[in-house]
Amino acid sequence: MKLRELAARLDCELRGDGEVEVGGVAGLEQAGPGDLTFLANPRYAPHLAATRATAVILAPGHEAPLPCLLADNPYLAFARAVALLRPPARLPPGVHPSAQVDPTAVLGHGVHVGALAVLGPGVRLGARSSVHPHVVLYEGVEVGEDCVLHSGVQVRESCRLGNRVVVQNGAVIGGDGFGFARDGDGRYHKFPQVGIVVIEDDVEIGALTAIDRSALGETRVGRGTKLDNLVQVGHSVKIGENTVLAGQVGVAGSTRIGSGVTLAGQVGVAGHLTIGDGVVATAQTGIPGTVEGGAVVSGSPAIENRAWLKSSAVFAKLPELQKRLRELERKVESLLGRQPPA
């Protein structure tokens, strides 16, 4: 694609020769002739002088010795450029002979159903959606248009997926929630999980992630939300729009998570609490109670991020501080003529 055409498609300002052609994408240091690269972090600016790329996307105010596309958000612009220059292969419409599709299933126009996939009774698969090999859709599952379900995905009975949902390999949507009632003898009895999971439009769910069906009602993941690999979402959880849960986040049942929330890797969230809109929890934060909207929290139990940074700076000094405190106690006791503590 010629650079001037790409500039128009991305709504970027062109600087330099718009007739050059780009076909590949790569980082600053790896790029070669014919590649488009980008600069989003100023710390990598020194690499601009040495890059072999044909063109670069960068923010206004930076200079480069090669043709440029100027964008206020170079990373986003580059992501869109990659989608244009390296579009994902579209699977051919049709149903593989080894797939098991119940006669009552309804398949939209242009769908792809891969080898050994299973579509149960009453399944509805929207137009242009792709089901890769070994996907299992239980009875009554509804999948919207332009969805991609990668191999090994399991969607349990009656769960609903919106449009343009992407589910990576091995994810489980609608498995039973962890609900048990204990009797007087200490034995656990399963609480039937009779609800469903609802995934709204434009959600992406990472590999080996599990989203449990609700005991009653629904577990819901809001529009545009992104879940990383190995995320656990408990039963009856409600997640708002455009929220991000990074790898190994665990959310216990009946919790409410707002919109625009970021939970970094290995954040743990207790059940039956609320996390307000726009909250950020840094990696390995443990959240035992409700967090007001807009807060940035860290640590376990979670506290305000700046307070945690100050506290964590002291942790390594605690043994020395304890030693000094004991010495001071001995001096004080000696001055008072008393026996110092052991």
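Two strands are taken to pair if DSSP finds at least two bridges between them, and strands themselves are DSSP runs of E of at least two residues, numbered from the N terminus. On that basis, twelve strands form an open sheet of mixed pairing, in the order S6-S9-S12-S15-S18-S23-S26-S29-S32-S35-S37-S38. The edge strands are S6 (94–95) and S38 (303–304), each of which pairs on one side only.

The model is predicted, with local features needing pLDDT of at least 70 and side-chain atom pairs counting only at pLDDT 80 or more, while totals for chains, interfaces and linings use all residues. Residues are numbered from 1 along each chain as its sequence is written, and side-chain values use heavy atoms, with hydrogens and water left out.

**Strand pairing**

Another open sheet is formed by ten strands with parallel pairing, in the order S7-S10-S13-S16-S19-S24-S27-S30-S33-S36. Its edge strands are S7 (100–101) and S36 (286–287), each pairing on one side only. In this parallel sheet, two bridges join S10 (residues 118–119) to S13 (residues 136–137), and Val-118 stands opposite Val-136 in S13.

Strand S22 (residues 196–199) is covered on both faces, with Ile-196 and Val-198 buried on one side and Val-197 and Ile-199 buried on the other; buried here means under 20% relative accessible area, exposed over 50% and partly exposed in between, with a 1.4 Å probe and protein chains only. In a regular strand the side chains alternate between the two faces of the sheet. S22 is joined in parallel to S17 (residues 160–161) by two bridges, where Leu-161 has Ile-199 as its bridge partner. S22 also pairs in the parallel sense with S25 (residues 218–221) over four bridges, and there the bridge partner of Val-197 is Thr-219.

**Nonpolar cores**

A nonpolar core is a set of buried Ala, Val, Leu, Ile, Met, Phe, Trp, Tyr and Cys residues joined through side-chain atoms within 4.5 Å. The largest one holds 49 residues, of which Leu-137, Leu-149, Ile-199 and Leu-263 touch the most other members. Apart from it lies another core of 16 residues, among them Val-22, Ile-57, Leu-69 and Phe-78. Leaving aside neighbours within four places in sequence, Leu-149 is in contact (heavy atoms within 4.5 Å) with residues including Val-131, Leu-137, Val-155, Leu-161 and Val-167.

**Pockets**

On a 1 Å grid over the protein atoms alone, a pocket is an open set of points where a 1.4 Å probe fits, with protein on both sides within 12 Å along at least five of seven lines, and lining residues have an atom within 4 Å of a point. Grid points are joined across faces, edges and corners, and a volume is the space filled by probe spheres set on the points.

| Pocket | Volume |
|---|---|
| Largest pocket | about 220 Å³ |
| Second largest pocket | about 180 Å³ |

The lining of the largest pocket includes Arg-90, Arg-128, His-132, Asp-146 and His-150, and its residues divide into five nonpolar, three polar and three charged. The second largest pocket is lined by Ala-79, Ala-83, Pro-87 and Pro-88, which divide into four nonpolar, no polar and no charged.

**An exposed loop position**

Gly-61 is placed in the loop between strand S4 (55–58) and strand S5 (68–70), and Gly-61 counts as exposed because its relative accessibility is 70%.

Terms used
Nonpolar A, V, L, I, M, F, W, Y, C, P; charged D, E, K, R; others polar.
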